[in-house]
Amino acid sequence: MSISLPVEKLTPEAFAPFGTVIAPDPATARTINGGTTTRFHALATCEAYGTDAAVIISIFRGSPRRFPYQVDMMERHPLGSQSFSPLSPRPFLVVVAEDHGGTPAKPRVFLAENGQGVNYRANVWHHPLMALGKPSDFLVVDRDGPGDNLEEYIYPALFTIEETAF
């Protein structure tokens, strides 16, 4: 048996329980570099906990998912935040869940569009990267260092995302 998941519009308010939407915000705009650059300042805060932890920047190349897609697992990183910012204007899916006593609740699915990115707070349940349509590159900022910074959970029931949902 599978439970169908609706796809929600990614907004800062809807995503707030899980982290921050990363997108140009005119309220944070600053003109720099002699007036040639607009800096959208401090759009998200990175978290890196533990001795010898560091914040690193990587590029992830995600293969597109095929639909209908079965969500059967979630992961979280208890020692640091993790952000995904697309390096192309293609949309992608963001799947997150609230924590219920150490396990993820029913997932919520958001459609990130128009260059939106996300920053998952430390310890937030989320599905691995979900590119759509074509292979896609993402700038990823997350924690590096000693310690166990990955927990995975396999759901006892499947959740389904239909392509018609977005």
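Are Phe15 and Tyr120 buried or exposed in this predicted model? Phe15 is buried, and Tyr120 is buried as well.

**View 1. The ring pair of Phe15 and Tyr120.** The two rings form a tilted aromatic pair, with 6.1 Å from centre to centre and 50 degrees between the planes. The pair links distant parts of the chain, since Phe15 belongs to helix α1 (residues 12-15) while Tyr120 belongs to strand β13 (residues 117-120), 105 residues apart.

**View 2. The ring pair of Phe84 and Phe138.** Here the ring centres lie 6.5 Å apart and the planes stand at 75 degrees, and because planes over 60 degrees apart count as edge-to-face, the pair of Phe84 and Phe138 is edge-to-face. Phe84 lies in strand β8 and Phe138 in strand β16, 54 residues apart, which again links distant parts of the chain. Both Phe84 and Phe138 are buried.

**View 3. The aromatic cluster.** Ring pairs join Phe15, Phe18, Phe60, Phe84, Phe92, Phe110, Tyr120 and Phe138 into a cluster. The structure has 11 aromatic pairs.

**View 4. The open sheet.** Five strands form an open sheet with antiparallel pairing, in the order β3-β13-β8-β16-β6. Its edge strands, each pairing on one side only, are β3 (19-22) and β6 (54-62), and the twist averages 15 degrees from one strand to the next. Within this sheet, 5 bridges join β8 (residues 82-86) to β16 (residues 136-144), and Pro86 stands opposite Phe138 in β16.

**View 5. The hairpin of β4 and β5.** Strands β4 (residues 29-32) and β5 (residues 37-40) run antiparallel and are joined by 4 bridges, with Arg30 standing opposite Arg39 in β5. Between the strands lie 4 residues, and Asn33 takes a positive phi near 55 degrees in this hairpin.

How values were computed: Residues are numbered from 1 along each chain as its sequence is written. This is a predicted model: local features need pLDDT of at least 70, side-chain atom pairs count only at pLDDT 80 or more; totals for chains, interfaces and linings use all residues. Side-chain values use heavy atoms; hydrogens and water are left out. Two strands pair if DSSP finds at least two bridges between them. Helices (H or I, at least four residues) and strands (E, at least two) are DSSP runs, numbered from the N terminus. Axes are lines fitted to C-alpha atoms, for helices over the stretch in contact, and angles run from 0 to 180 degrees between N-to-C directions. Rings of Phe, Tyr and Trp (its six-membered ring) pair if their centres lie within 6.5 Å; planes under 30 degrees apart count as stacked, over 60 as edge-to-face and the rest as tilted. Buried means under 20% relative accessible area, exposed over 50%, partly exposed in between (1.4 Å probe, protein chains only).
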